[in-house]
Amino acid sequence: MPPSSSTLQQQREHVLEQMRALDTLRRGTLSEQFFKYQQAGKTLRRGPYFLLQGFFRGKKFAERIAADKAGQVAQQVENYRRFQALAERFVTLTDELTRLADQPESKKNSGRRK
C-alpha cells in the first residue's frame, strides 16, 4: 500500500527541519596534500596542506585551508553533501504528493480482462 498524503507531508516537513538545521556549509572537496623534498639523500614529506576544490557557477575554484580550520571545513563540506541528499529527498516526496493529488478518488479498472 502506498503511503498516505499525511505521511508524505510529515516526511517532507521532517526533511525541511533537517535542512534548516544545517546552518553552515561549503561546496567542494577537501583534500590533503603533501610535498616531497630531498634532504641528506632522503625523501621527506612536508604537510599536510589542505585544499578545498570545486565548481561554482561553472568555474573551478581552489582555496588553501589552514590546518587548524580543516576539521571545521570538512564538517561544512559534509553538511553540503547532506543538504544535497535532503534536497533530493524533498523533491522525491513532493513528486509523490503531486502524483497522489492528481489521482482520481477511485481508481478505474484498466479495462483488461483475463
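Arg57 is placed in the loop between β2 and β3, where helices (H or I, at least four residues) and strands (E, at least two) are DSSP runs numbered from the N terminus. The model is a predicted one, in which local features need pLDDT of at least 70, side-chain atom pairs count only at pLDDT 80 or more, and totals for chains, interfaces and linings use all residues. Residues are numbered from 1 along each chain as its sequence is written, and side-chain values use heavy atoms, with hydrogens and water left out.

Although Arg57 is not a glycine, its phi is positive, at about 55 degrees. Most residues other than glycine have a negative phi, and most peptide bonds are trans. The hairpin of β2 and β3 has two residues between the strands, and Arg57 takes its positive phi there. With a relative accessible area of 74%, Arg57 is exposed; the classes are buried for under 20% relative accessible area, exposed for over 50%, and partly exposed in between (1.4 Å probe, protein chains only).

Strands β2 and β3 pair in the antiparallel sense over seven bridges, pairing being assigned if DSSP finds at least two bridges between two strands. Phe56 stands opposite Lys59 in β3.

## The hairpin of β1 and β2

Strands β1 and β2 run antiparallel and are joined by ten bridges. Within this pairing, Leu30 has Leu52 in β2 as its bridge partner. The hairpin of β1 and β2 has two residues between the strands, and Ala40 takes a positive phi near 55 degrees in that hairpin. Ala40 is found in the loop between β1 and β2 and is exposed, its relative accessible area being 81%.

Strand β2 also contains Pro48. The peptide bond from Gly47 to Pro48 is cis, with omega near 10 degrees.

## The aromatic pair

The count of aromatic pairs comes to one. Phe35 and Tyr49 form this pair, which is tilted, with 5.2 Å centre to centre and 55 degrees between the planes. Phe35 in strand β1 and Tyr49 in strand β2 are 14 residues apart, and the pair links distant parts of the chain. Rings of Phe, Tyr and Trp (its six-membered ring) pair if their centres lie within 6.5 Å; planes under 30 degrees apart count as stacked, over 60 as edge-to-face and the rest as tilted.

## Helix α2 and its buried residues

Helix α2 comprises 33 residues (residues 70-102), and its end C-alpha atoms are 48 Å apart, which agrees with the 48 Å that it should span at 1.5 Å a residue. The expected span of a helix is 1.5 Å times one less than its number of residues. The buried residues of α2 are Ala70, Val73, Gln76, Val77, Asn79, Tyr80, Leu86, Leu93 and Leu97. Their cover includes α1 (5-21), β1 (29-39), β2 (42-56) and β3 (59-65).

Asn79, in helix α2, is buried with a relative accessible area of 10%. Leaving aside its neighbours within four places in sequence, Asn79 is in contact (heavy atoms within 4.5 Å) with Leu22, Thr24 and Leu25. A polar atom of the Asn79 side chain lies 2.8 Å from the backbone oxygen of Thr24.

## Salt bridges

The count of salt bridges comes to two, each defined by a side-chain nitrogen of Lys or Arg within 4 Å of a carboxyl oxygen of Asp or Glu. One joins Glu63 to Arg26, with the closest N and O atoms 3.5 Å apart. Glu63 lies in strand β3 and Arg26 in the loop between α1 and β1, so the pair ties together parts that are 37 residues apart in sequence. Glu63 is partly exposed at 37% relative accessibility, and Arg26 is partly exposed with a relative accessible area of 29%.

A salt bridge is also formed by the side chains of Arg99 and Asp95, at 3.0 Å from N to O. Arg99 and Asp95 are four residues apart in helix α2 and are therefore separated by about one helical turn. Arg99 is exposed, with a relative accessible area of 56%, whereas Asp95 is partly exposed at 35%.

How values were computed:
Polar contact = N/O pair within 3.5 Å; in protein donor to acceptor, adjacent residues only side chain to side chain.
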